[in-house]
Amino acid sequence: MGSNSFDIIVVGAGHAGCEAAVAAARLGCSVLLITMDSVAVAKMSCNPAIGGIAKGQIVREIDALGGMSGIVTDQSTLQFRMLNKSKGPAMWSPRAQCDKIRFSLNWRSVLLNTYGLSIYESLADSLLFENSKICGIRTADGQIFKCQKLILTAGTFLSGKLFVGRRQLLGGRIGERASNGLTCQLVEHGLISDRMKTGTPPRIDITSVDTSALLCQHGDPSPERFSFLDLPSRVQKSGRQMDCYILHTNVEVHERLRKGFGDSPLFTGVIHGRGPRYCPSIEDKLRVFPDNDAHQLFLEPEGYGTNEYYLQGFSSSLPFEVQMDALRAMEGMANVRVFRPAYAVEYDFFDPTQLKPTLESRVIDNLYLAGQVNGTTGYEEAAAQGLMAGINAALSVSGKDPFVLRRDEAYIGVLIDDLITKGVDEPYRMFTSRAEYRILLRQDNADQRLTPRSFEIGLASEERYASCVRKYEDAASLTRLCDSTNLTAPSVNPFLVESGSAALSESKRVSDIATRPELSLLDVLRFVPRGTFERFGLSGIPDPKVVESVEINLKYKGYIDRERQLVEKMRRLEDLAIPDGFDFDRISGLTIECRQKFKRYTPHTIGQASRISGVSPSDISVLLVYFGR
């Protein structure tokens, strides 16, 4: 290929673009990543944190597949917490506060050291077409680059506008230009576009805050990491974590904020895009919950070398002076100084129901879309889409079968299936409640679910795959030991009584004792003789992660088995394909609404058809009868 020709071009180097570019290059493609600033790659425009409820599961899945978000997060961590530990393991979600400068620099190092990946700094000016197919791009400085596949990951930069009160600026972020013109081109070629809105809160100078008046939030005493590889995280190596702080708004704060509503573009109709329901601006909170006297906020650090803190929960489009007046009415904030005010961003996105499960457009050949351009919000959702788009674009270049994850295989599968079958009417974010098989899709077993599949297509490394195999071979050995080994009552009763557990009247298997909720498997294993471990191919008590995996499967076996049975039932529907281009008008038994929905969303399987909003169980029964099932 010529110097200006590549297998794949990725437009935008946010979290989606970085994952897409690295995955495609590691799968053997020549890749060009176009970005306006190669130092600001994967920039943490909003909260400098990775993970959280359901989002942490996604990052673990990205890592298990061989993506880089987990490793980069571990290299940049300021504080680690495993959320929801008081609940069942399906709800456990890792979260890491990150040094946002190091995060970008660490990602940049990954990009620069990925063979087959080139970076070009410029603004994507226009797309190039040949017979209505994407074939390249022209940059603002006049360069033309050709490609077989193009992945668009433009984030909030497509026709982006910034709002602070009545003041408007063009841009995707403060100080960064918007990309204008690409949306019009794509709409002319058949894509459906609309507007969405997001926002970011003010950045606070922590030295101007009386933190002694706030509730301090520490990291976990024994911090874990995101990556399944044996690469200790930054805080694991240093033993040092930064604190976060909890504070609250109050009635006075609310009164001061309301005085500025007349200048808020959210209320004056200037902003037309739909904002995120689950991360609303502070003015939205006051409008939706008018009777609440207080809202919880978090002050979270942005790095070791800065006094800049992020005020989570206080995103806003209100005028700067209104923001400052309200901030100073909060406890500990009387003398607060800010580095940057909160602002809102409005931008273009495209209807994700026009995408295939591979994230390739059903309307424009060779075009893949990932991240906020598909109507999602969040670094994690974007990175997952970027990874899958990069994988599938690379496999398509090589003439190989696509790589698609089912809903029962991964949160990533749930995310993409939701987007392409249900569409979005607000910025989409992942929750554990969206995953009907969340007991199977835990953060602890993402490697078991996904690493072998990724290794088959050549993305997950041999080192990663071998480590995964060893881990679950040890888990299988330990499970056999627990099911086959009895502990006598005299040997274990003193420990049981001390732990508040009922004493044994006779010998019991390790697996039976360990199912008691008040006991941990690790403690019970300390009563197993060393020689017993050796008989099962173990040198002693295995790695804590192996023990945790076995313990979860022992204690939640009934729930896990029931969910697997549900998966098998639903998989029969997922395996029933609907022919491409099928004419649903041929089935007279379908309702008119159902036929209209099927024509719009063109489901590929009966299972996918069943998840489309407005499709009833009786419609699915008609389909099954028609196809002879």
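**Inside first**

The largest nonpolar core holds 106 residues, and Ile9, Trp107, Leu150, Leu152, Ile391 and Ile412 have the most contacts inside it. A nonpolar core here is a set of buried Ala, Val, Leu, Ile, Met, Phe, Trp, Tyr and Cys residues joined through side-chain atoms within 4.5 Å; buried means under 20% relative accessible area, exposed over 50%, and partly exposed in between (1.4 Å probe, protein chains only). Helix α11 (residues 379-397) gives this core its largest share, 11 residues. Apart from it sits another core of 29 residues, including Leu78, Leu214, Tyr304 and Leu327. Keep in mind that this is a predicted model: local features need pLDDT of at least 70, side-chain atom pairs count only at pLDDT 80 or more, and totals for chains, interfaces and linings use all residues. Residues are numbered from 1 along each chain as its sequence is written, and side-chain values use heavy atoms, with hydrogens and water left out.

Ile412 also belongs to the next stop, as one of the buried residues of α12. Helices are DSSP runs (H or I, at least four residues), as are strands (E, at least two), numbered from the N terminus. In α12 (residues 411-422), 11 of the 12 residues are buried, and these pack against α2 (55-65), α11, α21 (592-601) and α22 (606-610). Just after α12, Gly423 takes a positive phi of about 70 degrees.

Now the surface. Val39 lies in the loop between β2 (31-35) and β3 (49-51). Val39 counts as partly exposed because its relative accessibility is 44%.

Conventions: Contact means heavy atoms within 4.5 Å.
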